[in-house]
Structures are given as C-alpha cells and as structure tokens.
Amino acid sequence: MITHFNPVDLIRKKRDGKKLDEKEIEYLIAEYTSGSIPDYQMAAFLMAVFFQGLDGEETIHLMRSMLHSGAVMDLSGINASKIDKHSTGGVGDKVSLVLAPLIACCGICVPMISGRGLGHTGGTLDKLESIPGFRTDLTAEKFRTQLKEIGVAMIGQTSEIAPADRKIYALRDVTATVDSIPLIAASIMSKKLAEDLDGLVLDVKFGSGAFMKDYSKAKSLAQTMVQTGRRAGVKTVAVMTSMGDPLGTYVGNSLEVIEAIECLKGNGPDDVIEVTLALAEQMLKIAGIRGGRGLLQKKISNGEALKKLWSVIENQGGDSRVIEDYARLPAGKTRVEVLASRSGYIRAIDTFAVGTLLIELGGGRKLKEARIDPSCGFAFHKKTGDYVKKGVCLAEIIGSNTTAMHAIALKLGRAFSVQSNPVRRKKLVREIVRS
C-alpha cells in the first residue's frame, strides 16, 4: 500500500539537497505513472534531481519503483544463466547482432530487449528490422518459448515493461534533464532488470560519438549502474569502450547487418571483434563458464555462432537467406566518395557529426514516429591514426538520393581532422568496472 505525501513537500525536500526515503520515491513514481501527479510537478522534481543528485540508496529506490511500475518477466523455467548486454549508444555499434548469438552458443540464455535509434546513435531494433520480415514485437510467451528452444531472442520493449520509465524519459527529453547520471542509471537498469536476469554486462562508451563524451563522467555512470545492479542482486560489470571513431567499417542499418554477419563468418573488422569479445568474456565469467576468448573464437570458426544467428532470424520471421545472399537486404544504388583534402595523419573523426549526418541521409529519425531508410549509410576506409594522401578516398556515402549524398559528402569530409605529425591510436577497451 502506497503511503500518501504532498508532492510539493517532496520536491522542496530534494530541491534543498535532502535525502528521500523509499516510500517517498515510491509514492512519486506510482502517482505520476497513474496520472495523479501532473507533468509540471514531476518536471520540477527531475530538475531538483538534476542539480542535487541522488545517492546510491535513492537511485536504487528510484530504479525499483520504475521497475515495479509494470510487469517483470518470469524466466525461472529456463535452466541456464540469463545474462544480457546493454550499450549506452554508439555510431556503427552492431555488437549486439554478433554478441547475442555468439554467447548463446556457449550455453548462456540471452533475453535481449533492445531499443531503436536515439539521437545520433543507431538502434539494434532498426538494424534487425532491415532484414525482410524480421519481427521484434514478440509476445511474452513467444519470447520465453524461443529462449527455451534456442537460448536467445532479440525484441523491443513491450508496453508492460517499466511504463514509468517511458513516461519519465519523454519528460526528461523536453525539460533538459536527460544528462543526469542517477536518472540515466535508473532508466537503463529498470528496463534491464525487468528481464529477470542473473547477470548484466554494460558497454559504457565515451568519446566524440558517445552520449557521455567525457571519460570521467562515463566512468561515474558505469560505477552507478554497476552498484545499482549489484544492490538489486544482479551480477553487473561495465566495460569502458571508446567511441572516438565509428565502430567498424559501416554505419547504416542494412550495411551493419552485413558487417555483423561477416564478423560471425570470421571476416569482421578488428575493432568490432575486439569490443564483442571483451564483452563476451565478461558474460562468460559471470556465468562461470571457462574457455574465455579461445572458446568464443572457436564458436565463430566452427560456424556455430553463424548458425545461431540463422536460427534467430528464422524464428523471428525474417528471411534467413540474407546470411548468404546480401542482395536480399535493402541496398543503396549509388556511392559517392569523400576524398582527403590534404595529406597527413587523421587526428580525429567527429563521430557525433557522422551520426547526425546519417539522420540527414535518412538512416535515422528526426522525429520519433519518422520512417527510416535502411538501405543508406557510410563506409569508412580510413580511421584515426591512418596516414592519407591528398585525394585518397576516406569514406563512401551509400544511398539513392544523389543530390543529398553530394551535399552530405562535403559535410562528412569536414568530420575528418588531418595533421602533419603521426597520431597515436587510443585503446579501444579502456577499463573494466566491477564496483
């Protein structure tokens, strides 16, 4: 039973930097979800949190209140460790499409609930839905059945999961309160813990293409989420990975599906493989499965991981023939080259600009309800640290709207910074955060 409070008193209390207890936070979330507390009062509370923060206990209480605002899945009938992975968002991040089937081959159940593109970052659901027929709207019963049968399912958030988070996030988006570590942590963890997990591995990104560009802020977010997960009884680890460059060669939905398939065939780019294996190793450790990187590489080389992806596509209504016939995926008909304007070493790529240019090309959304073009995107032939000569091809734009592509080519060229002196490449996987 919810204890009743005066919302104004709770807003004032947090505004003045005082700590809220479990009952007070539970009241705010329950009453806002039901519509009893109006948007303007919740907006005031969120702004108070933005400036005053929440301590560890308050963050846990907020996460649990949002978690229990809706349904929590019951996967107790599955006799395997249930471990998921979550990325804070990146450009060219197709890791989930490689990681989920790879880990499922190792005896771990992967109940992956993913999202669509957010801002300048791509979404796993958009990539999967570029596969003709692929369905991400499975019922809860079909989701459980598929997990029992093949050990992995990849779906979108249902209307029953964490409804408080959906409502609060929409308000944060229009009140400039998105960039708050406790609010981000509670939002992510409320959705993930609704999956009835035993373990969770977080890919927390930093750099120009990440939401948290500053490393120290990204690490603080990682620590908060790890602590929140562990306090909730879920073994949680965060891997800090760089998003200074686009991940992989391709950026764009169907192009990233092709690259993910190539990774499972053993032909993927080194950076995608490195991030995938780093995250997968942590999932194996949480599950207590020995073998590490050697086991993972074996599952790729013997074809088991690729076969598992085939099963996922087949079970979720997709055209599994895309694994061998990429022509069945949506494909842009034209390529426009982006050429180096001078010789030298690539100092940096403005990866945030890359993500926003994909939206301009049609591969992402300007509005939540907008349709995307899954066939367009970019192919990167040079990355930070590479030496290039004037006139060499840095990247290609792939699509069908030639006029727009030529205009975007000029902007994409400006995303590359070139200098005379050699550039030292930064580590892709920076740190593992366990506490």
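Me: In the open sheet of three strands, what is the strand order?
Reply: This is a predicted model, where local features need pLDDT of at least 70, side-chain atom pairs count only at pLDDT 80 or more, and totals for chains, interfaces and linings use all residues. Residues are numbered from 1 along each chain as its sequence is written, and side-chain values use heavy atoms, with hydrogens and water left out. Strands are DSSP runs of E, at least two residues, numbered from the N terminus, and two of them pair if DSSP finds at least two bridges between them. The pairing in this sheet is antiparallel, and the order is E10-E8-E12.

Me: Which are the edge strands?
Reply: An edge strand here pairs on one side only. Strand E8 (residues 344-349) pairs with E10 over two bridges in the antiparallel sense, with tyrosine 345 opposite tyrosine 387 in E10. The edge strands are E10 (387-388) and E12 (416-419).

Me: Is valine 237 buried or exposed?
Reply: Valine 237 lies in strand E5 (residues 235-242). Beyond its neighbours within four places in sequence, its contacts (heavy atoms within 4.5 Å) include Leu200, Val226, Ile286 and Ile432. Buried means under 20% relative accessible area, exposed over 50%, and partly exposed in between, with a 1.4 Å probe and protein chains only. At 4% relative accessibility, valine 237 therefore counts as buried.

Me: What share of the 435 residues is buried?
Reply: The C-alpha trace spans about 65 × 45 × 35 Å along its principal axes. Of the 435 residues in the protein, the buried share is 55%.

Technical notes. Helix = DSSP H or I, 4+ residues; strand = E, 2+ residues; numbered from the N terminus.
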